[in-house]
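Please read it alongside the sequence and the model shown here.

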Amino acid sequence: MSEYLILFIVAAYLIGLLFLAYFGEKYFSRLSNNGLVYALSLTVYCTAWTFYGSVGRASTEGVNFLAIYIGPLLTVPFWWFLLRKMVRITHTLRISSIADFISSRYGKNAQLGTVVAIASFLAVIPYIALQFKAINSSIHIMSATTLFDASLLIVFLLTVFVILFGARNVDANQRKPGLISAIVAESVVKLVAFIVLGAFVVYGMFDGFGDIFDRASATVDVAQLTSFASDGAYSDWFFISLISAIAFLLLPRQFQLSSIEAGKERHILSAMRVVPMYLLLINVFVIPIAMAGLVLLPNDDPDFFVLSLPLFAEQKVLAILVFLGGLSAATSMILVSTTALSTMMSNYIFIPLVLNTQKEEATERKDYQSKLLLWRRVSTIIIMILAWAYYKTLVYQETLVEIGIISFIAIAQLAPAFFGGLYWKKATKKAAMAGIISGLVIWFFFLVWPILETNLLQWLQSDASGASTRFISEITDQLGVSRTSSAIILSLMVNIGCYVYFSFTSEQSAKELNQAELFVDIFRYSGTFDSSVAWRGTAYFPDLHSLLSQFIGKRRTDAILERYARSNGIDWAKTPQVDSKLISYVERILTGIIGPSSARIMVSKVVQEETVDMKDVINILHESQEAIRLNKELQLKSQQLAKASDKLQAANAKLQEYSDLKNEFLYTVTHELRTPITSIRALSELLEDNPDLETEERETFVSNIIYEAERMSKLISNVLDLEKFESGSQQLERDRLDLHSLVQDEVTALKPLINGKNIRLEVEINNSLDFVFADGERIRQVITNIFGNAAKYCDQENGLIRVTAYRQNDYIKVNVSNNGTPIHAEDLDNIFDKFYQIRNQTRKKPTGHGLGLAICKNIIEMHNGRIAVENHEGLVRFSFSLPVYKSTEK
Amino acid sequence: MSNKILIVDDEPNIVMSLEFLMRKNKFDVFIARNGTEAMDILGREIPDLILLDIMMPDVDGYEICQYVRQNERFDHAKVVFLSAKSKQSDIEKGYALGADLYVTKPFSTRELLQNVKQLLAD
């Protein structure tokens with residue numbers, strides 16, 4: 001075929017795609033939101049590498065080619081949990097690339113995002129270059145000439161496409177229906193082309209599967225085609241499946257379509273049915289085609305059997321269809337990958353540069369809106385040019401499959417940080433960084449450096465094999481697996497090792513903790529995400545407004561903020577100060593445009609952030625998250641409160657008791673005062689009303705009035721005394737006191753009282769009795785009282801009062817016994833209580849008021865002595881003890 | 001015939017003044033210096049009016065009042081409490097037990113005399 005015709009077909013097809021995308025953007029946006037579209041878009045996984053390369057690989061290595069499909073298929077059952085979580089996080093946090101995703105998980109760290117972006121470039125740019133190679137090779141086969149290079153034309157058309165439909169909107173998080181409609185169309189084209197070709201080969205060129213099999217077995221080793229090939233293939237099978245599974249989820253183009261462009265979470269369920277079916281259909285004819293190629297065209301390049309077979313059969317239309325299928329596979333991959341990479345490049349290379357250099361005047365009003373799109377478009381051009389340049393220099397040496405695998409292994413280095421971050425809260429930023437970088441270093445050393453070294457040696461025209469190649473061979477031999485498997489094992493082991501080690505040895509910052517919590521428990525948070533805890537601080541409305549309009553324009557800013565104000569019932573004019581909820585909201589809008597770390601930096605410039613320490617974050621998280629635990633705490637608190645209230649009640653009861661005692665005391669005092677007053681009043685009135693009283697009667701009345709008045713004053717002074725002792729305001733004047741002479745004095749004073757009564761007084765006190773340390777006046781008061789009681793209560797017919805005193809250890813004990821009626825047991829306990837008067841005294845009314853003994857008890861106890869009453873040897877015995885005087889005492 | 005009045009109190013000076021007052025006004029006066037003595041007198045006499053203290057060491061005034069009110073012999077006897085107990089609850093208890101009057105100490109002899117005469121006239 002003429003190369004111009006081919007060129008025309010390529011140009012026409014790509015321009016056709018542009019129109020399709022244009023209409024898709026305009027009319028398809030609603031239609032594109034369905035499960036089948038989502039599922040088909042995921043098959044961008046099948047690139048030119050698989051479209052052409054599968055047959056090539058099957059021809060040389062048998063069923064090994066299936067490994068890159070087996071891996072993804074094995075992950076399908078987990079999509080509902082895994083993919084849905086990715087989608088939920090991506091949408092909730094307005095994430096626009098895998099670099100955003102990982103950086104956001106680890107505290108919105110910009111460096112980590114940059115590392116992920118660079119890893120993506122290293123992995124994907126050669127992969128894009130591979131697509132250019134596939135397209136160009138297919139053109140060469142179609143036109144049967146190798147002189148022509150159409151790659152620049154394709155680069156140009158695809159760049160235009162990405163600029164128009166990939167980098168269309170400042171908000172990279174928004175869905176791109178134009179792009180999606182082109183991708184879905186291409187998915188259909190590549191599947192249809194491959195199946196039509198397969199059917200033609202099997203049933204047109206041969207007589208069914210059996211025929212191919214028979215004829216192939218005659219010429220080639222069929223067993224080799226249908227089983228595992230060379231040594232170590234089993235381990236290759238396993239490891240390639242593993243990295244394919246990772247690649248299906250984490251390749252930037254896959255992440256773009258599966259997470260960012262996802263419409264509804266339930267579309268994942270459709271994808272779980274459609275994607276396995278698609279992968280099955282596109283592989284059904286791989287082995288028959290490979291066999292047919294080996295039988296009919298043993299000298300052709302197996303990578304392009306799919307083209308050379310229809311050409312050989314002179315089926316030009318079919319050949320063009322297959323060519324377009326290959327072109328679709330290649331271009332769809334380039335379009336999505338470039339879109340994803342350009343977002344990362346502008347968010348993690350350009351914006352950080354701009355933010356860093358413009359720190360000072362960042363709050364000034366600037367129009368980032370147009371610049372952002374410009375940066376993303378420039379990024380697109382740079383990526384295309386880099387890929388094209390790579391294709392021009394290095395790609396000649398490698399087969400299609402090998403570059404694809406190298407790309408997969410690079411992307412696999414993101415897996416520990418990515419999946420670990422989804423399920424393990426403790427993983428830290430440092431760990432993610434260390435894991436990714438260490439894995440990439442090993443990847444580079446095993447898989448990239450040998451190629452560079454070989455090229456370098458060739459350029460130097462040296463025959464020596466490279467030192468690193470030899471070193472790698474030694475390691476590979478030790479492991480007993482292929483170089484690819486060794487690279488996978490070593491890079492992932494070191495990666496995971498670093499990740500785990502640093503997660504346990506490094507600390508999370510508050511921001512990291514916050515994000516880790518959010519990612520791992522996204523399903524719990526996404527519903528209530530508006531009450532985000534990400535910001536604690538205040539900002540002013542005009543600042544946020546101007547910040548937002550720099551990125552999305554004044555009109556959209558007004559619309560967004562007005563909607564927010566309406567739904568939250570806020571009037572900006574009245575409350576210019578905004579809450580953390582709005583700050584988080586603005587940050588999320590910006591995240592969709594410039595990525596999480598840059599968004600955070602931009603927002604932090606207008607927010608007066610309060611220092612958030614670890615404790616705050618933990619507290620806040622617990623508040624919003626662990627309602628149950630909080631509930632328990634509340635219960636505990638209320639129990640504590642109940643306890644405190646019990647204590648208060650007890651204290652209150654005690655106070656009430658004291659108050660009651662006080663009232664009781666007052667009542668008793670007034671009651672005791674009433675009695676003498678009654679007598680005084682009655683007698684006085686009688687004196688007044690009866691002026692004609694006899695002198696004798698008059699004198700009796702008057703002397704009784706005086707007696708009652710004395711009784712009252714005695715009561716009053718006793719009450720005051722007692723109050724002094726009980727309140728502690730009574731001071732003792734303690735000194736060396738001769739108890740012997742004091743008792744003798746009191747005995748002398750007692751004598752007139754008992755004069756005329758038949759009372760015997762026995763005093764047994766040694767005059768060598770030790771001194772005590774006491775207040776003489778107070779002790780005299782005690783002795784007077786006890787002597788008075790003894791005289792009052794001893795037997796009135798034949799009375800006996802006995803006084804003894806002696807030393808007992810460090811105390812002097814004084815006993816005053818009388819032969820009165822023994823005291824009841826209940827009275828023994830209470831006799832020293834104030835106002836206590838012994839009941840059932842049949843003989844006569846006591847003349848005291850029940851305060852004397854209470855005062856005695858107070859006095860003795862203030863001296864650290866003891867006072868007691870007992871029925872002892874037929875006598876009632878009052879006793880008290882006082883400490884002996886010591887020379888050191890003062 | 002003069003009315004019989006029983007005075008029950010353990011305060012000698014109060015008994016002395018009440019005795020003087022009542023004799024002066026031609027009442028037939030009986031004296032009890034404590035509850036036991038009061039019960040003795042009630043065993044043999046039926047007073048028209050009892051002046052009754054409450055706080056006494058042996059049998060208290062409430063018990064005596066209760067005894068009097070439970071005994072048909074004293075149907076016409078008036079009971080007047082004379083007490084230093086001035087709480088509302090004590091006063092209510094006194095009336096509940098059937099007292100005709102409750103006078104708190106200190107009292108006026110003039111008012112008391114009028115009240116006594118009034119009660120005996122009813």
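Of the contacts in chain A with a separation of 6 or more, 82% join residues 24 or more positions apart, a contact being a pair of residues whose C-beta atoms, placed from the backbone, lie within 7 Å. The model is predicted, so that local features need pLDDT of at least 70 and side-chain atom pairs count only at pLDDT 80 or more, whereas totals for chains, interfaces and linings use all residues. Residues are numbered from 1 along each chain as its sequence is written, while chains are lettered from A and ligands numbered from 1 in the order in which they are written.

**Chain A overall**
- Chain A holds 35 helices and 10 strands, taken as DSSP runs numbered from the N terminus (helices H or I, at least four residues; strands E, at least two).
- Of its 890 residues, 43% are buried, that is, with 20 or more other C-beta atoms, placed from the backbone, within 10 Å of their own.

**Helix pair α31(A) and α35(A)**
- Helix α35 (residues 852-862) of chain A packs against α31(A) at an angle of about 30 degrees, with the axes 10 Å apart; axes are lines fitted to C-alpha atoms over the stretch in contact, and angles run from 0 to 180 degrees between N-to-C directions.
- The contact involves Asn718(A), Asp721(A), Leu722(A), Phe725(A) and Glu726(A) of α31(A), together with Ala854(A), Ile855(A), Asn858(A) and Met862(A) of α35(A).

**Interface with chain B**
- In chain A, 18 residues are in contact with 18 residues of chain B.
- On the chain A side, the elements giving two or more residues are α30 (627-689) and α31 (695-727), and α30(A) provides the largest share, 11 residues.

Terms used: Contact = placed C-beta atoms within 7 Å. Buried ≥ 20, exposed ≤ 12 C-beta atoms within 10 Å, placed from the backbone.
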